[in-house]
Amino acid sequence: MRRITGEAKDETLIELQSVTDSHLGDENGGNSVNSLPGHTETEKLQKNKDTVFFRDGVRRVDFVLSYVDDKDGEKKQERRRAFEANLEKEGLELETEDKSDSKDQKTYFLKIHAPWNVLATYADVLKIKVPFRTSDVPHGQDVPLEWLSHPFRLPEHIMRPHPDYFTYPFDKTKTDFFLISDKDTFFPPSTRNRIVYYILARCPYYKEGLKERDKTGIKRLLSNGTYTAAFPLHDCRYWKRARNAECESERYNFYQHWARFLIFYKEQPLNLIRKYYGEKIGIYFAWLGFYTEMLFFAAVMGVICFTYGLLSYEENMSSKEICDPNIGGNIVMCPLCDKKCPFWKLNSTCLSSWQSHLFDNEGTIFFAIFMGIWVTLFLEFWKRRQARLEYEWDLVDFEEEQQQLQIRPEFEIQCTNKRLNKITQEMEPYLPVTSKCARFCLSTATVIFWVSLIVACIIGVIAYRLAVYAAFASVIKDPLRKIQLVGRFITPQLATSVTASCINFVIIMILNFFYERVAIWITDMEIPKTHLEYENRLTMKMFLFQFVNYYSSCFYVAFFKGKFVGSPGNYTYMFGKWSKLRNEECDPGGCLIELTTQLVIVMSGKQLWGNIQEALLPLIRNWWSSRKGRRHPENHYSRWEQDHALLNFTQLGLFYEYLEMVVQFGFITLFVASFPLAPLLALFNNILEIRVDAWKFTTQFKRPVASKARNIGAWQEILNAVAILSVVTNAFIMAFTSDMIPRMVYLYAYGKNENMMGYVNNSLSIYNISQIHEHNMPEERGDWFGNSTTTCRYRDYRYPPGHQKEYTHTMQFWHILAAKMAFIIIMEHVVFVVKFLVAWMIPDVPTGVKARFKRERYLIQEYLHNYEVERLKLQLSASFITEPPSEMSLLTDKQEMVSECLLP
């Protein structure tokens with residue numbers, strides 16, 4: 001095989017100049033490009049290096065490896081020589097670009113081309129489905145008022161880059177069965193680079209006769225620095241069509257119709273994404289787009305619920321009573337902490353009570369029920385969309401025949417023991433049970449340690465809240481009088497909640513940074529057998545950690561804060577009385593507004609930080625790497641040099657995209673009852689997320705190796721679990737965190753004239769100030785409110801001093817508790833019944849898809865049968881013509897001649 005390096009390329013380029021000039025016609029109005037006066041031939045050729053072909057202009061570059069010479073050059077050269085020799089034995093064709101032609105004068109580029117024989121062989125091995133006949137099944141039916149969707153549509157050639165075909169797994173012995181018009185273009189570039197990467201991942205780099213199992217695969221060569229990068233090429237620059245007419249310029253189409261934010265309202269070219277990047281990335285964008293579409297309905301209902309809170313603002317009797325100087329202004333509340341907290345007037349929480357009503361009103365109950373049903377509709381309709389994609393993208397029987405279930409190269413290398421596979425009757429590597437158990441125990445212990453570390457950090461944040469509340473209370477003693485500028489808006493509760501939420505967010509991001517690396521390490525240590533098993537294990541570890549990391553603070557505020565406070569004279573403390581950290585109390589309006597604050601800060605902060613990481617950091621990195629060593633414009637550099645400067649899209653790149661969205665899904669379902677506008681924030685974020693991800697894939701990342709995936713994998717089960725848990729959490733939030741149930745009980749059982757007048761006074765119990773312990777009293781014994789009162793109020797339902805059951809719970813407390821439990825049971829059962837009813841009524845696979853799939857199966861069998869019959873006929877006719885007469889046939893002929901002669 002001829003490998004061209006150095007000066008030999010110049011002659012080839014000169015010979016191909018006329019061919020390249022003809023391709024330039026499209027960009028210059030059909031006119032050929034003539035050399036300008038004073039320009040040398042070399043300068044003229046420099047402009048034509050943006051190509052995806054070998055120097056002969058015929059063979060396509062399917063993969064590129066790069067490397068540099070360094071201090072360990074001899075060892076690495078030996079590895080490269082052995083590796084490249086083995087690649088050539090596999091049938092791949094190689095071509096090297098000398099470092100003198102690279103922009104940094106250091107990097108060599110090895111271009112790899114897979115000829116037809118190699119592609120056909122491995123397409124047969126991997127059972128890649130290819131077209132054998134144009135589909136005659138109607139694609140879809142006319143939709144009423146379809147013209148309304150025209151502004152959101154993309155051009156047909158973008159949405160459907162190729163016609164629909166009936167497909168069948170490729171068979172090298174039946175090439176005439178398939179629609180092969182041109183062997184060079186029969187397999188699309190995404191399939192070609194997938195096959196080449198399959199070979200690279202399993203090709204050894206030891207010399208012949210020296211079998212060293214660990215010296216196998218491009219991954220190890222990249223990790224030990226033998227090669228610096230391995231990537232398939234983009235087909236052109238994203239802002240300009242390719243000069244070569246044989247290049248599809250699909251990257252340019254992505255940038256024009258998908259990767260720009262100004263077209264955020266347009267649909268996504270999912271078929272083109274699948275064709276260019278592979279099914280795995282296509283499934284991700286299909287899921288993200290569908291999730292965003294469904295968020296629109298949740299956001300609309302959330303806005304309606306929030307609007308109801310605004311419109312009923314003036315009808316909020318509880319807030320009116322709190323803000324009334326004659327009611328709330330005359331109610332003295334007991335200190336909220338020991339020593340540092342003074343007695344305070346109820347009307348100092350006027351603003352927070354109005355804010356609470358915006359999210360804690362009658363509409364919130366209906367919104368919580370709606371979200372329980374919405375999440376079911378989302379998951380069920382996604383199953384239908386996924387089933388349609390499985391059919392259209394030939395993924396129906398994928399897991400039984402495709403690369404995802406192939407054994408990982410790392411498993412083959414590290415597992416030296418072998419045993420007989422009962423199905424294939426072949427020897428295969430396996431991990432002994434003792435080793436598997438030891439690795440599993442170490443992995444489990446590591447996960448438990450990190451989860452415990454998160455819990456410890458959360459306890460530390462809670463201790464901070466308890467300690468700093470007293471400090472804020474001593475500074476903000478009387479907000480209406482002491483702090484003129486912001487006192488009306490800041491209370492000790494709000495200041496504590498905001499600062500604690502910010503600290504908690506910083507801790508979340510720090511722990512997340514370290515645990516990501518730990519999770520990958522322990523998953524690698526477990527040595528999963530298949531790619532699917534590896535991703536599923538890593539997914540479960542990461543989500544368990546993220547679940548505890550992101551949601552634990554919200555769970556604390558929702559279900560623990562203010563629930564274990566005790567009462568004056570019998571307060572409860574976090575670590576006992578010696579710690580002097582008294583458990584936090586909720587505002588008179590409830591803890592829901594604090595849960596809202598916590599949710600907004602963590603959710604918005606995560607989305608903001610995520611967008612900065614996804615958009616700005618890749619842009620800065622690529623800008624810096626592209627400017628180093630460049631002295632000429634972009635078009636003076638080859639396609640492989642331009643792509644080499646881009647960021648790598650790692651195997652776990654898509655994993656982090658899913659993780660970000662699933663964590664967001666948890667925020668808008670688990671705690672949505674506290675913040676109805678959460679779906680709206682998620683909707684805005686996802687509209688931006690789709691275009692940012694598209695922009696990254698199109699402009700900032702090297703082209704990923706195409707890979708297949710039938711569905712979203714383990715994320716589907718995680719979404720189902722979160723959906724079920726969300727019903728429970730929202731029911732408990734409405735019952736125990738919201739103040740809705742106590743208000744309803746008062747309205748229908750204790751209120752006069754069935755209105756809310758007197759509710760605030762009813763919800764506050766009385767305590768005798770003289771009975772408060774010394775260590776609970778404020779340090780400043782000054783004149784509080786003119787010493788005009790001997791009692792203070794606190795949030796609970798207990799008998800007043802002097803009653804025979806003083807300071808014990810009243811009957812109203814037990815009525816409210818019974819109403820809360822009844823509400824939880826009723827809401828959960830109603831939502832679960834509707835969920836299961838909806839899931840039963842909506843089939844996972846649309847009827848039309850089932851019918852089309854059955855018809856395709858029938859036609860495949862019919863065409864395959866006819867093909868085999870015709871092939872057999874041709875073989876029989878060919879054998880009849882070419883086969884010499886046998887002895888039996890000659891004897892028969894002689895007997896016939898003798899019989900004819902004996903006849904009279």
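In this predicted model, a nonpolar patch lies on the surface, formed by Leu608, Trp609, Ile612, Leu616, Leu617 and Ile620. Together these residues have about 540 Å² of accessible area. One of them, Leu617, belongs to helix H20, which covers residues 592–627. Leu617 counts as partly exposed because its relative accessibility is 34%, a value between the 20% limit for buried and the 50% limit for exposed.

Helix H4 was examined next. It runs over residues 73–89 and contains 17 residues. From first C-alpha to last, H4 reaches 24 Å. This is close to the 24 Å expected at 1.5 Å a residue. The buried residues of H4 are Gly73, Lys76, Arg80, Ala82, Phe83, Glu84, Asn86 and Leu87. Their cover includes three strands, E1 (63–68), E2 (93–97) and E3 (107–113). Helix H8 (189–202) and helix H9 (218–223) are also among the covering elements. Gly91 follows H4 and has a positive phi, near 105°.

The structure holds 71 aromatic pairs. Among them is the pair of Phe264 and Tyr265, which is edge-to-face. The ring centres of Phe264 and Tyr265 are 5.8 Å apart, with 90° between the planes. Phe264 has a relative accessibility of 40% and therefore counts as partly exposed. Tyr265 is likewise partly exposed, at 39%. Phe290 and Trp382 form another pair, with ring centres 5.9 Å apart. Their planes meet at 40°, so this pair is tilted. It links distant parts of the chain, 92 residues apart. Phe290 sits in helix H12 (residues 279–311), and Trp382 sits in helix H15 (residues 362–392). Both Phe290 and Trp382 are buried.

Charged side chains were considered last. Side chains of opposite charge can pair when their charged atoms come close. Across the whole structure, 32 salt bridges were found. One of these joins Glu93 to Arg59, at 2.8 Å from N to O. This bridge also connects distant parts of the chain, 34 residues apart. Glu93 lies in strand E2, while Arg59 lies in the loop between helix H3 (41–46) and E1. Glu93 counts as buried because its relative accessibility is 18%, under the 20% limit. Arg59, at 22%, is partly exposed.

Lys383 and Glu380 both lie in H15, 3 residues apart, or about one turn of the helix. The closest N and O atoms of Lys383 and Glu380 are 3.5 Å apart. Lys383 is partly exposed, at 23% relative accessibility. Glu380, at 7%, is buried.

Glu533 and Arg537 are 4 residues apart in helix H19 (residues 531–559), so about one helical turn separates them. An α-helix has 3.6 residues a turn, so residues three or four places apart point the same way. Glu533 is partly exposed, with a relative accessible area of 29%. Arg537 is partly exposed too, at 26%. Elsewhere, salt bridges that share partners join Arg55, Glu95, Glu97 and Lys111 into one network.

Terms used
Residues are numbered from 1 along each chain as its sequence is written. This is a predicted model: local features need pLDDT of at least 70, side-chain atom pairs count only at pLDDT 80 or more; totals for chains, interfaces and linings use all residues. Side-chain values use heavy atoms; hydrogens and water are left out. Patches are made of residues with over 30% relative accessible area and no salt bridge: like charges are joined within 9 Å, nonpolar side chains (Val, Leu, Ile, Met, Phe, Trp, Tyr) within 5 Å. Accessible areas come from the Shrake-Rupley method with a 1.4 Å probe; for residues, only the protein chains shown count as cover. A salt bridge is a side-chain nitrogen of Lys or Arg within 4 Å of a carboxyl oxygen of Asp or Glu. Helices (H or I, at least four residues) and strands (E, at least two) are DSSP runs, numbered from the N terminus. Buried means under 20% relative accessible area, exposed over 50%, partly exposed in between (1.4 Å probe, protein chains only). The expected span of a helix is 1.5 Å times one less than its number of residues. Contact means heavy atoms within 4.5 Å. Rings of Phe, Tyr and Trp (its six-membered ring) pair if their centres lie within 6.5 Å; planes under 30 degrees apart count as stacked, over 60 as edge-to-face and the rest as tilted.
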